Amino acid sequence: MRVLVGVKRVVDYAVKVRVAADKKAVDLANVKMSMNPFCEIAVEEAVRLKEAKKATEIIAVSIGPKAAAETIRTALAMGCDRGIHLTTDARTDQELGPNSVAKLLAKVVEEESPDAIILGKQSIDGDFGCTGAMLAEHLKIPQCTFAATIDFDAKTVERETDTGTEVVSFPSLPAVFTADLRLNEPRYATLPNIMKAKKKKIDTKAADSLGVELNEGNTVLEVFEPPPREAGIFVDDVDGLVDKLKNEAGVL
Amino acid sequence: MLSKIIRPTSRRLIPRYFSASPEVEDAAQPTSAHAQLPYVTPLREMNFVLNEVHDAPTHYKNLGFEDCTPDFLDAINSECARFAQEKLAPLYSSGDAEGCKYLPNTDVRTPKGYKEAYEEFSEGGWNGLTVPEEYGGQGMPLSLGVMKSEIIGTANWAWSMYPGLSMGAMNTLILHASDEQKETYLTKLASGEWSGTMCLTEPHCGTDLGQVSTRATDNGDGSYNVTGTKVYISGGEHDLAENIVHIVLARLPGAPEGTKGISLFLVPKYVPNEEGELTEEILGAEKNVTCVGIEDKMGIKSSATSVMGFENSKGWLIGEANDGLEQMFTFMNTARLGTAMQGVCHMERAYQGALPWAMDRASMRSLSGKKYPEDVADKIIVHPDVRKNLLTIKALCEGGRSMIYDAALKADGMINEDPAVRDKCEEELGLHTPTMKAFLTELGCDAAQLGMQVYGGAGFIKDYGMEQIYRDAKISTLYEGTTGVQALDLLGRKIVLDKGKELRKQVQLQISDAWSIGTSQTARNHGLTGHALEIGKLSAQWATTAMRIVAGAAKNRDIIGTASTDYLMFSGYISCGYQWLKMMHAAGKALDANPDMSESDKIFYQSKLDTGNFYFNRLLPKAYTHRDMAVKNPDSIMDLPMEGWDLATTLPSDSGDAYAGYKVE
């Protein structure tokens with residue numbers, strides 16, 4: 001089985017982002033960037049498949065600026081075999097949204113014919129959570145999103161939902177899987193693998209050259225910080241709580 | 001009770017993203033009752049010093065390490081940083097609170113989480129980073145090991161001493177052990193499967209190793225029986241690895257007295273079988289070396305500082321008989337470098353702990369008008385004394401880092417095959433390492449105290465975490481050669497015995513660099529000319545002060561001793577200033593070369609210029625006092641007679657001559 005894994009270069013989870021002066025985007029100047037945490041989980045899952053001899057080749061693909069090559073290198077250091085880098089200067093947290101990414105990935109899938117495509121369930125900058133589903137739709141193949149476990153032998157996936165875990169089965173490969181938090185805990189790259197990663201191949205092409213129309217169909221009007229949290233109030237008793245929840249907050 | 005104490009909002013915890021899920025959370029993680037000072041590896045600082053100040057890329061290319069490009073180094077350091085931030089830093093306070101436990105069966109248990117972290121560290125291949133590839137290492141230059149030790153050492157110094165002492169054992173074996181010894185022991189040390197220690201100190205001698213009395217007798221079959229007691233052995237016993245490889249100084253029968261009669265032995269905790277393996281039987285039998293106890297210390301509490309008992313313990317000679325101290329001295333420089341690093345590590349920890357507090361804590365108003373008029377008081381970062389304390393830590397930390405990386409790159413020559421390269425490397429380093437070790441560790445302790453000072457009373461309270469940094473830092477001025485010993489080594493051996501040869505070379509280099517920098521356009525653009533001039537003058541005085549001391553010592557040998565510590569601090573301030581001059585020059589050049597650089601880049605480089613200005617204006621002046629003290633008359637130190645010391649307990653006059661036994665010849 002050959003596996004394609006998507007990895008995205010995003011703002012590091014620990015960074016406190018600020019809105020840019022023009023209020024059109026987040027200020028990314030010299031902010032620490034890292035691999036999207038859910039993409040790390042996706043890579044980890046693919047590498048474990050290789051270690052269990054269920055996968056023979058893992059390809060890491062990223063769409064982003066020149067520096068996204070570092071993210072691919074990290075994936076290679078974790079155990080992927082080779083990388084594909086679609087370069088773009090469009091902002092991957094805004095202009096290049098899930099639909100564009102899904103269309104680009106669909107082209108890569110058509111060329112590489114992987115048996116399984118594993119993505120993170122969402123990226124922590126855009127937080128759309130749509131790319132995996134859109135990709136499956138474009139390719140007209142099964143999708144198992146928010147995966148907490150994937151069983152390639154039984155062809156079942158446990159999905160995380162707001163109300164609990166749901167077990168679904170997929171009829172065949174190729175299929176798209178998106179990784180949720182509990183799928184696994186990603187490894188730290190070992191030194192020998194960091195060294196080996198230097199020698200692994202990354203194919204670089206311009207995202208524009210794939211013949212895909214990159215039109216997201218929406219525009220960002222404004223970016224602003226959430227309003228600061230206001231002080232809470234004390235209620236006297238349970239009745240008072242119920243009253244406030246029903247009549248003021250309107251949630252009952 | 002502890003959980004009800006109100007924590008300041010300024011202590012931001014760096015969340016581990018995946019800890020949001022209780023199932024994923026590691027059971028070995030400490031509870032939230034422990035202080036969690038923030039720690040973020042200063043990768044940008046490290047890269048600036050390496051690449052922009054010391055031209056590491058050219059250095060590595062010249063040495064044949066083509067792989068060591070800035071990207072590659074950044075990839076390695078970033079991964080190490082992740083591990084340090086996520087696995088080691090969270091154990092800093094809890095490890096100190098729990099400490100190590102000596103068990104009745106002579107085993108030692110390390111604090112919760114330490115074993116898991118060590119296993120992950122070993123799995124990552126970090127133990128073997130600088131070990132030759134034929135023994136399972138990655139064959140990287142020694143300087144990468146220095147970077148690794150900064151990252152893990154700042155996160156959790158005591159934890160880092162376990163792999164740190166293994167590194168000492170590994171370096172010794174790499175240079176001096178036989179091929180079979182390397183095959184059996186070095187490979188397993190590089191993988192982390194076994195760990196190592198350095199057993200030099202005995203109850204009656206630490207500084208004065210000529211007094212070592214541990215004995216070794218020849219068994220006739222290539223092995224030796226080693227008997228004696230070693231103390232203050234870091235990592236002497238623990239539960240992190242299956243076996244511990246002790247490198248031991250001992251005396252053979254009939255060996256010459258003093259320093260010329262000491263040999264080096266390899267004595268493992270468990271003796272492996274012929275295949276180099278530890279079978280169940282071996283592990284179940286009595287230990288070859290036993291830990292007799294561990295020390296209860298002021299700091300580095302999670303490091304198991306052990307008393308080791310050797311009783312006819314089986315060992316093997318490393319290298320030639322009576323060569324022991326020579327072999328130990330090969331690594332004197334790198335060991336001192338490593339300890340100097342501890343100074344910088346604690347400065348960095350203190351800064352990262354103190355800065356958020358100063359930015360958030362509100363107290364009083366600025367002397368020059370309200371700076372936070374809507375708030376009830378101003379954040380204390382507006383107050384000059386607080387700023388001075390923080391800037392002191394910052395300037396010494398960044399300057400110290402540059403001093404160490406400069407030396408670390410030079411130290412790459414230490415394991416070169418060509419002995420001429422190794423000798424030159426040792427001469428260059430030999431002049432700097434005693435200064436770096438003593439200067440940066442003494443000031444590391446000062447920085448840790450200043451960090452506490454910023455917190456006020458809270459700095460004294462364990463819950464806030466700042467006091468631990470000081471407790472951990474304090475050992476650094478004591479071990480690996482006390483400050484006093486470093487000073488004697490610098491002045492007595494490296495300058496006087498050397499007849500000032502290496503000193504002159506370094507002085508010439510500094511004056512020449514100060515000249516080129518001082519006459520450059522960059523200097524004119526950024527006000528560096530005055531600083532360059534001062535470094536030039538001080539460098540000359542560095543030599544002339546030594547000359548004055550030597551002249552005085554010709555009449556009175558004690559002058560070497562009364563002058564040495566001040567001379568060492570004098571040297572330290574000059575060296576640090578020299579590094580600051582280079583850093584300011586690199587920053588100014590960067591600003592001038594790329595006026596379109598991003599805002600945050602501008603802030604970074606400007607901060608270098610501003611911090612450097614602080615160093616020259618407020619810290620470097622201390623050099624002059626130390627210079628003046630170094631050439632003072634020794635009489636007030638040496639003249640006080642034995643009777644004059646102890647007036648509080650002087651016996652009444654009718655009890656006879658109480659000091660009969662104390663007459664000084």
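Helices (H or I, at least four residues) and strands (E, at least two) are DSSP runs, numbered from the N terminus. This is a predicted model, in which local features need pLDDT of at least 70, side-chain atom pairs count only at pLDDT 80 or more, and totals for chains, interfaces and linings use all residues. Residues are numbered from 1 along each chain as its sequence is written, chains are lettered from A and ligands numbered from 1 in the order in which they are written, and side-chain values use heavy atoms, with hydrogens and water left out.

**View 1. A cis peptide bond in chain A.** A:Leu173 and A:Pro174 are joined by a cis peptide bond, with omega at about 5°. A:Pro174 sits in the loop between strand 9 and strand 10 of chain A. Most peptide bonds are trans.

**View 2. The open sheet of chain A.** Nine strands make up this open sheet, in the order 9-8-7-10-6-1-4-5-11, with mixed pairing. Two strands pair if DSSP finds at least two bridges between them. Strand 9 (164-169) and strand 11 (202-206) of chain A each have a single partner strand, so one side of each is left without a neighbour in the sheet. From one strand to the next, the twist averages 35°. Strand 6 (residues 116-120) and strand 10 (residues 175-179) of chain A run parallel, joined by five bridges. Opposite A:Leu119 stands A:Thr178, in strand 10 of chain A.

**View 3. Two helices across the strands of chain A.** Contact means heavy atoms within 4.5 Å. Axes are lines fitted to C-alpha atoms, for helices over the stretch in contact, and angles run from 0 to 180 degrees between N-to-C directions. Helix 3 (residues 98-112) of chain A lies across several strands, including strand 1 (2-6), strand 4 (57-64) and strand 5 (82-87). Its direction is about 150° to strand 4 of chain A.

**View 4. Where chain A meets chain B.** Chain A gives 22 residues to the contact and chain B gives 30 residues. Buried area is the accessible area (1.4 Å probe) that two parts lose on being put together, summed over both. Here the two chains bury about 2500 Å², 63% of it on carbon and sulfur atoms. On the side of chain A, A:Tyr13, A:Tyr188 and A:Leu191 lose the most area to chain B, together 29% of what that side buries.

**View 5. The salt bridge between the chains.** A salt bridge is a side-chain nitrogen of Lys or Arg within 4 Å of a carboxyl oxygen of Asp or Glu. One is found across the interface of chain A and chain B. A:Glu40 and B:Arg82 form a salt bridge through their side chains (3.7 Å, N to O). Helix 1 (37-51) and helix 5 (191-197) of chain A are the elements that give two or more residues to the side of chain A that touches chain B.

**View 6. A positive phi in chain B.** B:Asn312 has a phi near 50°, a positive value in a residue other than glycine. B:Asn312 belongs to strand 9 (residues 305-318) of chain B. Most residues other than glycine have a negative phi.
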